[in-house]
Amino acid sequence: MNQILSTRYKKNRLSIILGIFFFFQAATSLISGAFLFNPLKNDTDITRTMTNIANNQGIVQASILIDIFTGIGIIILAICLYQLLKKTDKILASIALGLYIFEATLLVVSKYVVFLLLGLSTLYLESPTIELANYGSIILDLNGFIYSSHIIPFGIAAIIFYYLLYKSGVVPKWLSLWGLITVPFVLVGVVLMMYGVKVPFILLVPYVPFEFVIGIFILVNGLKVELE
């Protein structure tokens, strides 16, 4: 089996960078959100959220920094995908590249909002008032809206890139189809949640491991065609 793969797929510098950053930006996003910032939030109690943030400033700052690295990783990933797929359809690849850059911009902007919330939470811990709590609630909602908004350009760009991956055949068809079929559920689900619609989290789960799997696959096996 290894011999078959080695004759069909070839590693080069682009495939290594692509595999690394598929994995990198997925991992950093998961660490920043699921393991660092989100556990500090309490959806029903802004005062508890602000207290948690003020008492865990190092964790919040780490989350901000990691997500800034995530944004950089998204841009590098997009450039690699563009270089890989521009021969398949340069116009579509260019649109997807621009959308990924816009996604990264929204993500980084949302982290500056978190930094503002951190400062406000510190003030609240020193002098808890209803006014500060109300401001904190507004800023937290703003951060959530901007952060969720970055999924829109991501979802559209991902559909384009995964379609081009499928069309180009540089990775196995089943792998391209996995991303192409599951990412629309993320896109539609997050947009609905932004407007208060409850979406079963199970619908978003199938996409979660995709970027890890495709990143590892490309790192191990390379791409089906060698690019200059």
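**Pocket, cores and rings**

Guide: The largest pocket holds about 1500 Å³ of space. Please keep in mind that this is a predicted model.

Visitor: How many residues line that largest pocket, and which lie nearest its centre?

Guide: The lining is made up of 44 residues. Those nearest the centre of the pocket are N38, Y147, H150, I151 and V190.

Visitor: Which elements give two or more residues to that lining?

Guide: They are α2, α3 (46-55), α4, α5, α6 (130-149), α7, α8 and α9.

Visitor: And cavities? How many of 30 Å³ or more are there?

Guide: There is 1 cavity of that kind. The volume of the largest cavity is about 30 Å³, and its lining consists of Q25, I74, L77, Y100, E103, F154 and E211. Two or more lining residues come from each of α4 and α5.

Visitor: Now the packing. In the largest nonpolar core, which residues touch the most other members?

Guide: That core has 43 residues, and L18, Y100 and Y162 are the ones that touch the most other members. At least two residues each are supplied by α2 (13-37), α4 (57-85), α5 (90-126), α7 (151-168), α8 (173-194) and α9 (210-221).

Visitor: Which of them gives the most?

Guide: Helix α7 does, with 9 residues.

Visitor: What does L18 touch, leaving out residues up to four places away in sequence?

Guide: L18 touches L77, C80, L81, L84, I218 and L223. There is also a second, separate core of 18 residues, with L106, L118, L120 and L132 among them.

Visitor: You listed Y100 among the core residues that touch the most others. Is Y100 buried or exposed?

Guide: Y100 has a relative accessible area of 2%, so this residue is buried. Y100 also takes part in one of the 10 aromatic pairs in the structure.

Visitor: What kind of pair do Y100 and F161 make?

Guide: Their ring centres are 5.3 Å apart and their planes stand at 85 degrees, so the pair is edge-to-face. Y100 belongs to helix α5 and F161 to helix α7, so the pair ties together parts that are 61 residues apart in sequence. F161 is buried too, with a relative accessible area of 0%.

Visitor: And what about Y207 and F210?

Guide: Here the ring centres are 5.6 Å apart and the planes are at 35 degrees, so the pair counts as tilted. Y207 and F210 are both buried.

Visitor: Which residues form the aromatic cluster?

Guide: One cluster is formed by Y100, F154, F161, Y162, W178, Y207 and F210.

Visitor: Where do charged side chains sit over rings?

Guide: K111 lies over the face of F37, at 5.6 Å from the ring centre. The charged end of K173 is placed over the ring of Y166, 4.3 Å from the centre of that ring.

Visitor: What does S121 touch?

Guide: Leaving out residues up to four places away in sequence, S121 touches M50, I53 and A54.

Note on methods. Residues numbered from 1 in each chain as written. Predicted model: local features only at pLDDT ≥ 70, side-chain atom pairs only at ≥ 80, totals over all residues. Heavy atoms only, no water. Core = buried A, V, L, I, M, F, W, Y, C linked by side-chain atoms within 4.5 Å. Buried < 20%, exposed > 50% of the residue type's maximum accessible area, 1.4 Å probe, protein only. Helix = DSSP H or I, 4+ residues; strand = E, 2+ residues; numbered from the N terminus. Contact = heavy atoms within 4.5 Å. Phe/Tyr/Trp six-rings, centres within 6.5 Å; stacked < 30°, edge-to-face > 60°. Lys NZ or Arg CZ within 6 Å of the ring centre and 35° of its normal. 1 Å grid on protein atoms, 1.4 Å probe; cavity = no way out; pocket = protein on both sides within 12 Å on 5 of 7 lines; lining within 4 Å. Points joined across faces, edges and corners; volume = space filled by probe spheres on them.
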